[in-house]
Amino acid sequence: MAVCARLCGVGPSRGCRRRQQRRGPAETATADSEPDTDPEEERIEAGAAALCGAGSGRSSSSSPSPRCSLLELPPELLVEIFASLPGTDLPSLAQVCTKFRRILHTDTIWRRRCREEYGVCENLRKLEITGVSCRDVYAKRINPRVKSGRFMKILPDYEHMEYRDVYTCLLHRYRHILGLWQPDIGPYGGLLNVVVDGLFIIGWMYLPPHDPHVDDPMRFKPLFRIHLMERKSATVECMYGHRGPHNGHIQIVKKDEFSTKCNQTDHHRMSGGRQEEFRTWLREEWGRTLEDIFHEHMQELILMKFIYTSQYDNCLTYRRIYLPPSHPDDLIRPGLFKGTYGSHGLEIVMLSFHGKHARATKITGDPNIPAGQQTVEVYLMHRIHLPDAENLRNFNELSRIVLEVREQVRQDQQQQDRAGDSEGHDQHSPQEAQQGAAQPREPGDKVATASEEQPAQFILPVGVSSRNEDYPRTCRMCFYGTGLIAGHGFTSPERTPGVFILFDEDRFGFIWLELKSFSLYSRVRATFRNADAPSPQAFEEMLKNIQSLTS
């Protein structure tokens, strides 16, 4: 009885079911008039008593140590303890006892979880007092015709909203869609970044800068947003079009895949019809009018992209993508880059390192090489030493050097294949041989480090075209590589030789020998949260999945 009283933290003044079972009817009737404890509370505390008893038995068998219960701690200390726990554990903690359940209604606990887990820095009460938030600026940035007074009418009711509702009904509910995604828009793909922005979850579509300004920052526009209009009720709004937010829907199809649907597609239409929509899209996509584009083939490609992508304005499916993992031995830091692709404009690629090779995978694509395909592969064990600037102007001289390295690469691959076949037949099973081939580097292999190299003069050979003439005039290293080319509709794809040029940590280039063309790539300078791959295997699996969709 004394042990039970100490565990409950209430002493002999409150009722205890264990004492009631031993009392007579009169004593029980008297005890029933007193407040009772929660049965679940007694069960949890009995388990805690067993743990405390086991710990005291190890320290001293003669003098029992004083036992303490969480229920004996002051509420302000419990608030600090609970606020340090993951938000996913708090609902289970609320089921322990009534005291815990009451304390977990403290809004400061949930505010801290929102800030630490999702980066929410907004103050609900401050928004209520000032009446002005980042949403006003946000609405004006997207649609300047929306006035502040009109927009305030559709703002959530922050006065009666709690951080617990924000966490449980918004952030935790839609946590699976945070991160980087690739929309399924046929060969064009795209890059969607779903983030927590204040008290909203917003899906930003990242767009390359206008062609050919590859060093300019990325552009972005909102596709959808999720927020709480009322307590315990999240609202999904489509942001596509030029009439402001309107009703939308989000469905999580399966792991690492979700879809969005617009329920009011009339908001996407413009009063001037398709011609006005096309002119507006052209200014946003290319920063120019159709009359400014004199290349007939380029005009056809632009019109084709507008017709194709406009079919996906009401429903889109997204598949998760991860940023490539980095390693100290990598040539440069992997990540996302924007590059020039002739008449197709600027596209986004992902540079990743795989042992002796580096690969650039398209995140956005075109009708020739669709998104998801490996556009460039670099052989890091086969460097190319460019001639002096005078001889580098001669395209035939550069072509001769590259073809000699290609023949060397082909011979090395044949030797490795023969060695692998003999070892596989003599010693190893097919599974062991596959595992050995998957190892990134062999002992003694050393990939050159870019920081150790002195910059050398670089100039494009005569006859090699470039969309951007403002390319760097010095480079650090060059490697043999292959580029993927194909006809319209990804017909007759083939890998052709080329030169990978490393300019600095944030820029590289590729010379396509067969096309006599040069592509310049510049790093995407943006910070992406919830985009790291859980493991290298998960990243490799992601690359295979996005490539299989367009193969």
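Modeller: The discussion that follows sets computed values against the definitions of the terms.

Biologist: What kind of model is this, and what does the chain contain?

Modeller: The model is predicted. Its secondary structure comes to 18 helices and 19 strands. Of the 551 residues, 45% count as buried. Among contacts with a separation of 6 or more, residues 24 or more positions apart account for 59%.

Biologist: What makes Asp-256 and Asn-530 worth a remark in terms of phi?

Modeller: Asp-256 has a positive phi of about 65° although it is not a glycine. Asn-530, likewise not a glycine, has a positive phi of about 60°. Asp-256 lies in the loop between strand E6 (246-254) and strand E7 (257-262), whereas Asn-530 is found in the loop between strand E19 (517-523) and H18.

Biologist: Why are they placed in their class of accessibility?

Modeller: The class in question runs between the 20% limit for buried and the 50% limit for exposed. Asp-256, with a relative accessible area of 28%, is therefore partly exposed. Asn-530, with 47%, is partly exposed as well.

Biologist: What is the peptide bond from Asp-211 to Pro-212, and where does Pro-212 lie?

Modeller: That bond is cis, with omega near 5°. Pro-212 lies in the loop between strand E3 (200-207) and strand E4 (219-230).

Biologist: How do you know that the length of helix H18 agrees with expectation?

Modeller: Helix H18 covers residues 536-548, which is 13 residues, and at 1.5 Å a residue they should span 18 Å. The end C-alpha atoms are 19 Å apart, which agrees.

Biologist: Which residues of H18 are buried, and why are they assigned to one side?

Modeller: Phe-539, Met-542, Leu-543 and Ile-546 are buried in H18. They cover an arc of only 100° around the axis, so they are on the same side of H18. In general, an α-helix has 3.6 residues a turn, so residues three or four places apart point the same way. The face turned away from the buried side of H18 carries the exposed residues Gln-537 and Lys-544. The buried residues of H18 pack against strand E1 (179-183), strand E8 (315-320), strand E10 (346-354) and E11.

Biologist: Which residues of helix H5 are buried, and why are they assigned to one side?

Modeller: Helix H5, residues 75-83, has Leu-78, Val-79, Phe-82 and Ala-83 buried. They cover an arc of only 130° around the axis, and therefore lie on the same side of H5. The partners against which the buried residues of H5 pack are helix H6 (90-94), H7 and helix H8 (107-118).

Biologist: What makes up the largest nonpolar core?

Modeller: The largest nonpolar core has 47 residues, and Ile-177, Ile-201 and Ile-226 have the most contacts inside it. Helix H12 (residues 163-171) gives the most to this core, with 6 residues. Apart from this core lies another, of 26 residues, among them Phe-458, Leu-460, Ile-501 and Ile-511. Leaving aside neighbours within four places in sequence, the contacts of Ile-201 include Leu-170, Tyr-174, Ile-177, Phe-224 and Ile-226.

Biologist: How many cavities are found, and what lines the largest?

Modeller: A search of the whole structure finds 3 cavities of 30 Å³ or more. The largest cavity has a volume of about 780 Å³. Of its 49 lining residues, Ile-185, Met-205, Leu-207, Glu-285 and Thr-309 are the closest to its centre. Helix H14 (residues 296-309) gives the most to the lining of the largest cavity, with 5 residues.

Terms used:
Residues numbered from 1 in each chain as written. Predicted model: local features only at pLDDT ≥ 70, side-chain atom pairs only at ≥ 80, totals over all residues. Heavy atoms only, no water. Core = buried A, V, L, I, M, F, W, Y, C linked by side-chain atoms within 4.5 Å. Buried < 20%, exposed > 50% of the residue type's maximum accessible area, 1.4 Å probe, protein only. Helix = DSSP H or I, 4+ residues; strand = E, 2+ residues; numbered from the N terminus. Contact = heavy atoms within 4.5 Å. Expected span 1.5 Å × (residues − 1). Arc of directions from axis to C-beta. 1 Å grid on protein atoms, 1.4 Å probe; cavity = no way out; pocket = protein on both sides within 12 Å on 5 of 7 lines; lining within 4 Å. Points joined across faces, edges and corners; volume = space filled by probe spheres on them.
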